[in-house]
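Visitor: Could we look through this model together? I would like to begin with its aromatic residues.

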Amino acid sequence: RYFEAFLAFFFPQAHAAIDWTRDYEALDKELQQIVREAELGGREADKLVKVWLRDGQEVWVLVHVEVQSQADAEFAERMFVYNYRLYDRYRQPVASLAVLADTTPHWRPNHFGFAVLGCEHELRFPAVKLLDYATHQDQLYQNPNPFALVTLAHLLTQATRQDMNARFAAKWKLVQLLY
């Protein structure tokens, strides 16, 4: 429902390449089949969406949202596996995008691959880190995109973890913004 707003906020270059006058289609059943086959665990926040580019090309977009409190050494490999399994099964180009909501500033996976005997196989993917928005909270308060508010809520939750009075004040301000 909010896919366009999501891409506009987190991945503006991808958003600009998509023809939003055409309908997009959620492909959750296709993604769940791949996830089951990969045996890498269910990913409730992942989405697979079919879109059309401005040049008329059909593209599948895998949105992989990693919400966790610590770095995951297998994350980039999971992105790689989902990407190639989707391509292998459906023979469709897949754009993999990652949103990282952890608290580890230097954990920034954006590629996975390997090389053996002169053969190289690699996936590079855009990743946004919610922590990077922490220094732009004033802009988030002013941004009309709903994902600015979601990001702000996430950051305020992290920042007020030990101070319940500050957490209440932050929640109150967010509720006022919703109205």
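**Aromatic residues and their surroundings**

Visitor: Is Phe80 buried or exposed?

Guide: Phe80 counts as buried, because its relative accessibility is 6%. Buried means under 20% relative accessible area, exposed over 50%, and partly exposed in between, with a 1.4 Å probe and protein chains only.

Visitor: What sort of model is this?

Guide: It is a predicted model, in which local features need pLDDT of at least 70 and side-chain atom pairs count only at pLDDT 80 or more, while totals for chains, interfaces and linings use all residues. Residues are numbered from 1 along each chain as its sequence is written, and side-chain values use heavy atoms, leaving out hydrogens and water.

Visitor: How many aromatic pairs are there?

Guide: A search of the whole structure gives 16. Rings of Phe, Tyr and Trp (its six-membered ring) pair if their centres lie within 6.5 Å; planes under 30 degrees apart are stacked, over 60 edge-to-face, and the rest tilted. Trp60 and Tyr90 form a tilted pair, with 5.0 Å between centres and 45° between the planes.

Visitor: Where do Trp60 and Tyr90 lie in the chain?

Guide: Trp60 is in strand S3 (residues 58-66) and Tyr90 in helix H4 (residues 75-90), so this pair links distant parts of the chain, 30 residues apart. Helices (H or I, at least four residues) and strands (E, at least two) are DSSP runs, numbered from the N terminus. Trp60 is buried at 7% relative accessible area, whereas Tyr90 is partly exposed at 26%.

Visitor: Which kind of pair do Phe80 and Phe114 form?

Guide: Phe80 and Phe114 are edge-to-face, at 6.0 Å centre to centre and 70° between the planes. Because Phe80 belongs to helix H4 and Phe114 to strand S5 (residues 111-116), the pair ties together parts 34 residues apart in sequence. Phe114 counts as partly exposed, at 45% relative accessibility.

Visitor: A change of topic. Which ring does the charged end of Arg22 sit over?

Guide: That of Trp52, 3.9 Å from its centre. The criterion is NZ of Lys or CZ of Arg within 6 Å of the ring centre and within 35 degrees of the ring normal. Lys173 lies over the face of Tyr141, at 4.4 Å from the ring centre.

Visitor: And how many helices and strands does the chain have?

Guide: The chain has seven helices and seven strands. Of its 179 residues, 41% are buried.
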